[in-house]
Amino acid sequence: MNALIIYTHPNHQSLSYAFLQRTIEGCQENKEIDEIKVLDLYEEGFDPVLVFNEQKRRRDMHKEPSLEVYRQQLIWADKIIFIYPIWWGRPPAMLLGYIDRLFASGFAYQDKGGLLPEGLLKGKSAVCISSMMGPALYPLFWLNNAHKVLMRKALLQYVGIRSVKFFEFGNMESAKGRQEQKLERVHRYFRAVSH
């Protein structure tokens, strides 16, 4: 199994970065995982801006040459792991820009004229590891689970990825946030996970 980790946080002193390190450690200890690649969107200087004009047409987005290396990473991956904070009830704009540009028609899905398209990333699985300052139940009760609906239904299932696991951690800036326990929980999961 090949694991692609898409990390989205500008600070390498952050809790998100600690989750990245524990995820890598768990994957390295897992005999089911053959290879790991990490895409750090901020460190990479990824351009999240979506542009359509006379030179760049939406229908050609799936062939954009500057994105080929990222498309190949997604094709290569069996498991796609997203690590990011929750800001304003959703993933960072940098990650959403990556999704806007990469998950294009002709690459991630194909319109067949029916109610829903054919997902072209079938057979892969995904894990979303997110943290937030507010309480863990805030997204469920105040935002109608918008974050999970966005990631699971509006994105991943739409492109054919049915198996989606969430680690959504709240109270992460609190002294009582049990950060180490949550880091260890993620580490244990990746040490043992299979496809």
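Biologist: Are Phe46 and Tyr70 buried or exposed?

Modeller: The model before us is a predicted one. A residue is called buried when its relative accessible area is under 20%. Both Phe46 and Tyr70 are buried.

Biologist: How many aromatic pairs are there?

Modeller: Two rings pair if their centres lie within 6.5 Å. The count comes to 9 aromatic pairs.

Biologist: Why is the pair of Phe46 and Tyr70 described as edge-to-face?

Modeller: Planes over 60 degrees apart count as edge-to-face. The planes of Phe46 and Tyr70 stand at 85 degrees, with the ring centres 5.1 Å apart, so the pair belongs to that class.

Biologist: Which parts does the pair of Phe46 and Tyr70 tie together?

Modeller: Phe46 lies in the loop between helix H2 (41-44) and helix H3 (68-76), whereas Tyr70 lies in helix H3. The pair therefore ties together parts that are 24 residues apart in sequence.

Biologist: What are the distance and the angle in the pair of Phe167 and Tyr189?

Modeller: Phe167 and Tyr189 are 5.1 Å apart, centre to centre, and there are 75 degrees between the planes; this aromatic pair is edge-to-face. Phe167 is in strand S7 (residues 163-169) and Tyr189 is in helix H7 (residues 179-192), so parts 22 residues apart in sequence are tied together. Phe167 counts as buried because its relative accessibility is 3%. Tyr189, at 22% relative accessibility, counts as partly exposed.

Biologist: Which residues form one aromatic cluster with Phe167 and Tyr189?

Modeller: The cluster is formed by Phe19, Phe167, Phe169, Tyr189 and Phe190.

Biologist: Which ring does the charged end of Lys37 sit over?

Modeller: The charged end of Lys37 sits over the ring of Trp76, at 4.3 Å from the ring centre.

Biologist: Let us turn to salt bridges. How many salt bridges are there?

Modeller: The general idea is that side chains of opposite charge can pair when their charged atoms come close. In this model the count comes to 8 salt bridges. One of them joins Arg22 to Glu184, with the closest N and O atoms 3.5 Å apart.

Biologist: Where do Arg22 and Glu184 lie?

Modeller: Arg22 lies in helix H1 (residues 15-28) and Glu184 in helix H7, so the pair ties together parts that are 162 residues apart in sequence. Arg22 counts as buried because its relative accessibility is 16%. Glu184, with a relative accessible area of 25%, is partly exposed. Arg22 and Glu184 are also linked with Glu180 in a network of salt bridges.

Biologist: How many residues apart are Arg71 and Glu68 in helix H3?

Modeller: Arg71 and Glu68 are 3 residues apart, about one turn of the helix. Their side chains meet in a salt bridge of 2.8 Å, N to O. Arg71 is buried, with a relative accessible area of 4%, while Glu68 counts as partly exposed at 33% relative accessibility.

Biologist: Which residue forms a salt bridge with Lys112?

Modeller: Lys112 forms a salt bridge with Glu118, and the closest N and O atoms are 3.5 Å apart. A residue counts as exposed when its relative accessible area is over 50%. Lys112 has 57%, so it is exposed, whereas Glu118, with 28%, is partly exposed.

Notes: Residues numbered from 1 in each chain as written. Predicted model: local features only at pLDDT ≥ 70, side-chain atom pairs only at ≥ 80, totals over all residues. Heavy atoms only, no water. Phe/Tyr/Trp six-rings, centres within 6.5 Å; stacked < 30°, edge-to-face > 60°. Helix = DSSP H or I, 4+ residues; strand = E, 2+ residues; numbered from the N terminus. Buried < 20%, exposed > 50% of the residue type's maximum accessible area, 1.4 Å probe, protein only. Lys NZ or Arg CZ within 6 Å of the ring centre and 35° of its normal. Salt bridge = Lys/Arg side-chain N within 4 Å of Asp/Glu carboxyl O.
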